[in-house]
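Subject: Structure handover

Hello,

Here is the structure for you to look through. Please open it first and then read the notes below it.

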Amino acid sequence: MLIRNNSEIKENQVTDYQDYQKRREFIKTAAGLGLAALSGSLIQPASAKILKSPYSTSEKLTDYEDITSYNNFYEFGTSKSDPKRYAKAMKTSPWTVSVEGHCEKPGKYNLEDLLKPLTVEERIYRFRCVEGWSMVIPWLGVPLADVIKRMKPTSRAKFVYFETLADPKQMRAIKHQILDWPYVEGLRMDEALHPLTILATGLYGKDLLNQNGAPLRLVVPWKYGFKSIKSIVKIRFVESQPMNTWRKSSQDEYGFYANVNPDVPHPRWSQRRERVIGSGFFSRKKKTRLFNGYEDQVASLYSGMDLGKNF
Ligand SMILES: Nc1nc2c(c(=O)[nH]1)N[C@H]1C(S)=C(S)[C@@H](COP(=O)(O)O)O[C@H]1N2
Ligand SMILES: [Mo]
């Protein structure tokens with residue numbers, strides 16, 4: 001298995017970044033001293049270095065406990081606590097990703113084969129959900145661009161389509177038509193190739209837990225959370241803009257682009273402020289920024305577009 005869990009480290013021990021950094025330093029040192037038994041036990045993939053990405057923010061991290069217990073993953077139910085409770089039933093190893101459409105290297109890839117030649121990076125991204133809450137998460141992952149380039153898309157590939165597993169035996173809410181399963185999403189090719197866009201395999205130095213979209217999920221930090229599709233089993237290169245699940249369910253409320261934008265209210269609520277998760281009972285509210293604060297990096301992708309219409 002490319003990605004390992006470390007049974008010695010309990011979830012509740014991984015609570016803050018200092019601890020986490022210290023442990024990583026220790027493991028690096030141990031590896032340097034040739035203590036083979038210790039090296040590779042935490043960091044994925046076993047043999048590779050993890051680069052600290054220049055794209056990270058330095059904001060205070062959300063606690064591991066909050067990131068892994070307050071989730072949206074409707075295949076397991078609509079309540080924020082359902083994914084943690086029920087997603088264990090999903091089997092994430094072995095895991096196959098089917099690559100399809102306009103590219104030179106289509107096929108069914110084991111997760112290991114899909115990611116093996118690539119370098120895992122750690123990136124600390126602000127993650128904002130459409131319902132007005134935000135987290136800051138230290139992700140582990142690979143740039144989506146690196147995966148796309150390996151698949152050699154042809155000139156007809158203008159968008160990338162993604163699909164989540166939809167197995168009623170493993171996902172208890174699939175039997176309810178809450179959404180049109182499988183959950184699907186899409187990005188325009190330039191968004192997909194943007195260096196901020198990653199395929200995440202872990203967070204806080206550990207493999208993703210199922211509730212966060214194990215073993216492979218998208219993270220697009222300047223967009224609302226629903227673009228960041230979880231537990232991906234299919235990646236397809238397509239010519240025209242794909243439909244996405246939330247737009248299918250309510251196209252007045254959710255667009256294709258889903259760029260974080262305080263000036264475009266959701267029909268049922270303002271999007272001007274966000275609750276920072278984990279900031280206590282008297283939750284801290286923060287002003288939401290255009291493109292979730294990543295305006296300098298991504299605004300040029302949308303120059304000339306009316307962001308009120310293309311929301
Ligand atoms: N397959 C799938 N992916 C999904 C969802 C979902 O219900 N199913 N929810 C989305 C929404 S609305 C959000 S806010 C994020 C939440 O990610 P997190 O639970 O890791 O914070 O996942 C997104 N990806
Ligand atoms: Mo969301």
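**Pockets, ligand and backbone**

The second largest pocket has a lining of 14 residues, and those nearest its centre are K60, L61, V276, I277 and R284. The terms work as follows: on a 1 Å grid over the protein atoms alone, a pocket is an open set of points with protein on both sides within 12 Å along at least five of seven lines, a cavity is a set of points where a 1.4 Å probe fits but cannot get out, and lining residues have an atom within 4 Å of a point. The space in the second largest pocket is about 210 Å³; grid points are joined across faces, edges and corners, and a volume is the space filled by probe spheres set on the points. By class, the second largest pocket is lined by four nonpolar, four polar and six charged residues. Here Ala, Val, Leu, Ile, Met, Phe, Trp, Tyr, Cys and Pro count as nonpolar, Asp, Glu, Lys and Arg as charged, and the others, Gly among them, as polar.

Two notes on how to read all this. The model is predicted, so local features need pLDDT of at least 70 and side-chain atom pairs count only at pLDDT 80 or more, while totals for chains, interfaces and linings use all residues. Residues are numbered from 1 along each chain as its sequence is written, chains are lettered from A and ligands numbered from 1 in the order in which they are written, and side-chain values use heavy atoms, with hydrogens and water left out.

The largest pocket has a volume of about 410 Å³. Its lining is made of 25 residues, with N72, F73, G225, F226 and K230 nearest the centre. Of that lining, 15 residues are nonpolar, six polar and four charged. Strand β5 (residues 133–143) gives the largest share, three residues; strands (E, at least two residues) and helices (H or I, at least four) are DSSP runs, numbered from the N terminus.

Where does ligand 1 sit? Ligand 1 is in the largest pocket, meaning that more than half of its atoms lie within 2 Å of the grid points. Around ligand 1 there are 16 residues, and N71, Y74, E75, C129 and K230 come nearest; a residue is near if one of its heavy atoms lies within 4 Å. This shell has seven nonpolar, six polar and three charged residues.

The distance is 2.7 Å for K230, 2.8 Å for N71 and 3.0 Å for N212. Taken alone, ligand 1 exposes 530 Å², and the protein buries 99% of that (Shrake-Rupley method, 1.4 Å probe).

There is one cavity of 30 Å³ or more. The largest cavity holds about 30 Å³ of space, and R126, E274, K286, K287, T288, R289, N292 and G293 line it. That lining has no nonpolar, three polar and five charged residues.

Last, the backbone. The peptide bond from W181 to P182 is cis, with omega near -10°, and P182 is in the loop between β6 (159–164) and β7 (184–188). Another cis peptide bond joins A214 and P215, with omega about -5°; P215 is in the loop between β9 (206–207) and β10 (217–219). F291 is not a glycine, yet has a positive phi of about 55°. F291 lies in the loop between β13 (285–287) and α8 (295–298).

Key:
Polar contact = N/O pair within 3.5 Å; in protein donor to acceptor, adjacent residues only side chain to side chain.
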